[in-house]
Each structure stands twice: as C-alpha cells, then as structure tokens.
Amino acid sequence: SPWKPLLLLLSPPAFSTTCARCAKDRRLRQKRAISERQLTRYFVDQRKVRVVGGQGGDGGHSFHSEPRKVFGGPDGGNGGDGGHVIFKADQQMKSLSSVFRFYQGFHGERGGSKNCYGANGAHMYVKVPVGTLVKEDGEVVADLTQHGEEYIAAYGGAGGKGNRFFLSNENRAPKLFTPGEPGQERVLHLELKTTAHAGLVGFPNAGKSSLLRAISRAKPAVAAYPFTTLNPHVGIVHYQDYEQVAVADIPGLIKGAHQNRGLGMAFLKHIERCRFLLYVVDLSVPQPWIQLQDLKYELEAYGKGLSERPCVVIGNKVDLAQSRINLPLLREQVAERVIALSALTGDNLEELLLHLRELYDTYVKTEQSRGQSPVKW
C-alpha cells in the first residue's frame with residue numbers, strides 16, 4: 001500500500017521514554033561530601049590581582065570624497081573609550097577562589113570615516129564576595145560590604161581624536177590624529193573578611209562546629225582532633241518570621257594567636273565583621289573560665305575593642321558529669337550570661353536561639369537608629 005511508509009512514521013515507537021518500566025533511571029547521584037582539607041583548595045581569602053583597563057581606540061584619519069564634491073574635508077571620527085575593570089560584590093560568592101590573577105578591560109574601537117565614532121569598550125565586571133577589602137600598597141582603597149556595591153579597579157583609556165576634531169579656519173585639511181590612551185594598570189590585593197552577624201569563638205575541640213551543625217544546615221567537619229575546621233563556615237539560623245541570622249564558625253584559636261601562632265591571624269580577621277560574639281567554652285575541662293579569659297586577651301591583642309562587643313558565653317558539653325560540677329563555678333567567675341547546652345544531644349538549644357534573636361534585634365535597632373541599613377541575609 002502507498003500509505004504504509006506514512007503509517008510506519010506515524011505509529012508510536014516500540015518503547016516509551018516516559019514509561020516507568022522502560023525509562024532509564026535518571027535520578028541524580030548525591031554529591032560526594034568534601035572533606036575539610038579538600039575544602040581548603042576551594043576557600044581562598046586572599047588574592048593578588050593585576051588589573052589593566054582597556055585601551056582607547058585610535059582616532060580616524062580620512063577625507064570625505066564623493067562625485068561632484070572632491071574637497072569634502074576631513075571626516076575621521078574619534079576612537080572609543082576603553083572599558084573599565086570593576087569589582088562588584090555578590091552575596092552568592094563565598095570565596096576568592098574564582099577570581100583570576102589578571103583582568104583586562106575591553107579595548108575601544110578605532111574611529112571610522114564619515115565622522116563615525118568608534119564604539120566604547122565593554123566594562124569587565126569581576127564578582128567578589130561581600131566583605132572583600134581592596135588594598136593597594138598596604139592601604140585600603142575600597143571596602144565592599146553591601147550586595148551590588150561596585151569599585152572601579154582600573155579605568156579604561158580615553159579614545160583618540162580623529163582628524164575631523166582638528167578642523168579649524170586656519171587648517172582646513174588637517175592630517176593630524178591621536179592614538180588612544182592606554183588603560184590604567186594597578187596591582188591590587190583582595191582580602192576577604194567573612195560577613196556574619198555572630199561569630200563562634202573558642203579553642204580547638206570546644207564544640208563550635210558541632211554547635212553550628214545543630215542550629216543550622218551548615219556541615220562543617222567534626223572530629224576528635226584539634227584544628228578540624230580549617231576554613232570559616234557560615235550557617236544560617238531561620239526564624240518563623242523569616243528573619244535569618246548568620247553565624248560564622250571561626251577556626252579554633254590558641255594562646256598566641258595574635259602573634260600568628262596556630263592558624264593565627266589568618267582567621268582572626270574574620271571576627272572583625274561579626275556584630276556580636278558567642279564564646280564557646282568546654283565545661284568538662286578544669287577551670288573553664290580560664291578559656292574565656294584567654295580568648296578575650298587574644299581578641300583584644302589583635303584588635304582593640306573586639307572583646308567589648310555584645311556577647312554571650314556558651315558552656316558546651318553539659319551532658320558530661322564533670323560539666324555539671326563546673327557550671328556553677330563558671331557562673332560565679334563570669335559576669336556575662338552563661339548558656340549551658342550540649343551540641344551533641346541538643347539540650348537547651350532553645351535558650352541559645354532565643355538569646356541569639358535578642359542580640360540580632362538589638363543590632364538591627366542600633367543600626368537603624370544610626371541611619372544605617374543592617375546586614376541582611
């Protein structure tokens with residue numbers, strides 16, 4: 001039959017790609033968990049960047065000529081300006097690992113005939129995390145603390161002038177034109193300081209990572225050895241009124257951290273951005289109040305006024321027998337409020353979450369009274 005080939009084309013296939021029995025299993029495989037040491041390759045908080053603005057386009061050099069108008073005069077247009085290199089803060093960026101070592105703006109186009117100007121070069125936008133400091137020769141030239149904030153790192157060169165620009169009564173046929181100017185060239189140092197509302201500060205193995213895992217969806221590495229956390233982690237605490245409080249897990253400090261011992265000043269700088277601090281002490285060790293004194297000393301030695309920020313003392317590992325004995329002794333030695341909890345079992349986490357919200361509300365009211373906008377996540 002002549003309709004047989006057409007019927008074969010219109011007939012359904014022998015198998016169905018949408019049938020549950022015939023379709024292949026398209027379930028996405030779960031991402032493999034990245035260990036803390038592997039994560040150091042992805043988290044970068046310092047970067048040296050060389051930026052060069054785009055070069056301006058050369059001015060045009062031509063004379064208008066058409067039938068019955070031989071002496072049309074100069075008509076070379078100006079060249080386009082070079083593009084800038086611009087750093088732009090983006091809250092989706094969490095590390096400087098995606099920032100390259102070199103950036104150059106796009107060049108401007110050359111001026112054309114018939115008095116046509118060259119197109120300007122497009123700007124080169126470089127996304128950086130919120131909280132990035134831009135330094136040049138050791139001096140801070142920009143502090144990108146708000147989402148969408150921009151800083152022009154290198155200006156593009158100005159476009160050259162075409163010979164039409166030099167037309168005058170004295171010179172009716174100028175041949176002069178100027179080349180485009182080179183773009184600005186700079187060597188800048190980018191430094192990331194984690195922006196968070198609260199900072200977990202404590203000695204190694206005090207339970208900061210376990211506490212962050214308990215109150216948020218962050219998954220920092222947890223293990224029974226010191227310096228498990230090698231990078232700052234930020235966890236978001238969600239409340240019923242849709243407010244979000246960011247809590248940063250600062251890697252463990254030791255005595256002499258302000259002298260660059262242990263992880264040293266590499267992560268002390270991340271505490272500067274925190275609006276209030278959560279001191280985490282291990283209640284199971286003898287004289288846990290000594291930990292609090294040492295922590296405040298290290299913070300004050302690094303930056304004056306850091307230890308005076310609003311804070312609360314968290315006594316962790318209250319599920320242990322020795323911790324119950326040390327708890328009343330800690331409250332006698334410490335003037336700040338002490339919240340005893342267990343990050344492992346989840347005991348008394350509600351008190352911490354309520355007090356954390358009180359600290360956040362106080363911070364918001366203080367910023368609004370000063371006419372400033374508080375940091376939102």
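Which residues of helix 3 are buried? Before I answer, some conventions. This is a predicted model, where local features need pLDDT of at least 70 and side-chain atom pairs count only at pLDDT 80 or more, while totals for chains, interfaces and linings use all residues. Residues are numbered from 1 along each chain as its sequence is written, and side-chain values use heavy atoms, with hydrogens and water left out.

Now the helix. In helix 3, residues 208-215, the buried ones are K208, S209, L211, L212 and I215. Buried means under 20% relative accessible area, with exposed over 50% and partly exposed in between, using a 1.4 Å probe and protein chains only. These residues lie on the same side of helix 3, because they cover an arc of only 160 degrees around the axis. That arc is taken from the directions from the helix axis to the C-beta atoms. As background, an α-helix has 3.6 residues a turn, so residues three or four places apart point the same way.

What do the buried residues of helix 3 pack against? Their partners are strands 9 (198-202), 10 (233-238), 11 (244-249), 12 (276-282) and 13 (311-316), together with helix 7 (349-369). Contact here means heavy atoms within 4.5 Å. Helices (H or I, at least four residues) and strands (E, at least two) are DSSP runs, numbered from the N terminus.

Next, strand 13. Six of its six residues are buried, so strand 13 is largely enclosed by the rest of the structure. C311, V313 and G315 cover one side, and V312, I314 and N316 the other.

Strand 13 runs parallel to strand 12, and six bridges join the two; pairing requires that DSSP finds at least two bridges between the strands. From strand 12 the chain passes through helix 5 (residues 289-302) to strand 13, a right-handed β-α-β crossover. Right-handed means that, with the strands pointing away from the viewer, the path from the first strand over the helix to the second runs clockwise. L278 has V312 as its bridge partner in strand 13.

Strand 14 (residues 338-340) is also parallel to strand 13, with three bridges, and G315 has A340 as its bridge partner there. Strand 13, helix 6 (residues 321-333) and strand 14 form a right-handed β-α-β unit.

Last, the whole chain. There are seven helices and 14 strands, and 45% of the 377 residues count as buried. Among contacts with a separation of 6 or more, 72% come from residues 24 or more positions apart.
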